[in-house]
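Work through the exercises below with the sequence and the 3D view at hand. Try each task before reading its solution.

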Amino acid sequence: MAANSHRVGSSYGGAASYRSRDGLSTRPVGASEEIQLRIDPLDLDEEITGLHRQVRRLKHVAEEIGTEVKYQKNFLEELQMTMIKAQAGVKNNLRRLNKSIIQSGSNHIIHVILFALVCFFVVYLWSKMFRK
């Protein structure tokens, strides 16, 4: 419609050649700068019916979106519960691992101390034997 308004000609005198929509038309009235507008009622009924169909489609789409949102919400809640359970399992496993590391680390220290005592005792006995 905006492209049509840039045509060359008088500003309102040539308005009869323009149609803005189906059912709406303009025609010149004498030499005045007024435009008469004629509205075809049948076309408006078709427009209203078309809009009604579009509103029904949009309502159906909105209901589908609502259903999808509920499904996604339930999925996310289940995923969150799974993550909480997994976190608890990892935490328990880390606690057990730390306990086993501490216990096995203590055993290593005991082994190192016993090895050092045995070495010290062997060196002591060796020094006593070769001193004589």
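The model is predicted: local features need pLDDT of at least 70, side-chain atom pairs count only at pLDDT 80 or more, and totals for chains, interfaces and linings use all residues. Residues are numbered from 1 along each chain as its sequence is written, and side-chain values use heavy atoms, with hydrogens and water left out.

**Exercise 1.** Find the order of the elements in the protein chain.

Solution. Start with the count: 1 helix and 2 strands. These are DSSP runs, with helices (H or I) of at least four residues and strands (E) of at least two, numbered from the N terminus. Then read from the N terminus: β-β-α.

**Exercise 2.** State what share of the 132 residues is buried.

Solution. Buried means under 20% relative accessible area, exposed over 50%, partly exposed in between (1.4 Å probe, protein chains only). By that rule, buried residues make up 4% of the protein chain.

**Exercise 3.** Decide whether K99 and I113 are exposed or partly exposed.

Solution. First place them. K99 is in helix α1, residues 41-131. I113 lies in helix α1 too. Now apply the cut-offs. K99 counts as exposed because its relative accessibility is 52%. I113 has 49%, so it counts as partly exposed.
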